[in-house]
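Hi everyone, thanks for coming. Please have a look at the slide, and I'll walk you through a few spots.

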Amino acid sequence: MTSRRQSMRGSAVKGPGEALAERAQISMKAKSDKVVRDMVAATTMLKNKENPKISGDMLVFNCGFLRSSDVKRWINLDPEIGILSVWKEQPCEDVFLSDVMMPARSHFLLCGVHSGKERPLIIYKMFDLIAVDCNKSFLNIFLEFDHPRRVLVLTAPTFEDFVAWLDALSKYAAEGPADGFRA
């Protein structure tokens with residue numbers, strides 16, 4: 001019986017201590033990978049702080065329970081604060097900069113407008129951008145974010161807009177487009 005247990009241990013079966021140690025090692029590696037990625041992201045944010053702002057209408061892919069659709073949205077990339085915001089419509093000029101980070105109530109007071117279009121629908125931190133990919137045939141840009149874990153799919157109206165957005169967004173990602181396409 002002892003020899004059989006020893007031979008089983010030598011194969012795929014592990015004791016509780018070995019399994020726990022292996023899980024701890026995997027967890028430590030994941031934490032160290034996140035620390036390295038955060039350091040790289042912080043450096044990237046500092047480098048891109050002086051880049052020009054870019055904004056414009058794009059189609060955003062929405063995937064629902066029974067259907068999916070493309071919805072026209074105003075997209076705003078503000079490198080100064082490292083934010084990508086998605087708006088229902090183009091906001092007023094007062095809102096373009098770092099006002100999007102203010103709470104909704106103070107934001108309304110600043111802008112003087114009390115409609116829902118003056119708040120972004122979604123705000124993404126460029127610090128959390130993991131990867132950028134694209135499909136140049138359909139002018140799609142795929143942005144993978146770490147927190148919340150999701151992929152944002154943007155479709156540019158023209159090839160020139162596609163190139164400009166891809167150039168601006170790919171500067172933030174650890175991984176660029178898989179096909180090597182760079183603006």
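Let's begin with Leu139, which lies in the loop between β5 (129–135) and β6 (140–145). Those labels come from DSSP runs, numbered from the N terminus: helices are H or I with at least four residues, strands are E with at least two. Is Leu139 buried or exposed? At 15% relative accessibility, Leu139 counts as buried, where buried means under 20% relative accessible area, exposed over 50% and partly exposed in between, with a 1.4 Å probe and protein chains only. Leu139 also has a positive phi, near 60°, and is not a glycine. Most residues other than glycine have a negative phi.

A word on the source: this is a predicted model, where local features need pLDDT of at least 70, side-chain atom pairs count only at pLDDT 80 or more, and totals for chains, interfaces and linings use all residues. Residues are numbered from 1 along each chain as its sequence is written, and side-chain values use heavy atoms, leaving out hydrogens and water.

Now the whole chain: it has four helices and seven strands, in the order α-α-β-β-β-α-β-β-β-β-α. Of its 183 residues, 33% count as buried.

Last stop, Arg73, in strand β2 (residues 68–78). Arg73 is buried but has no salt bridge, and Glu89, the nearest side chain of opposite charge, is 7.7 Å away. A salt bridge needs a side-chain nitrogen of Lys or Arg within 4 Å of a carboxyl oxygen of Asp or Glu; Lys and Arg count as positive, Asp and Glu as negative, with His and the chain ends not counted.
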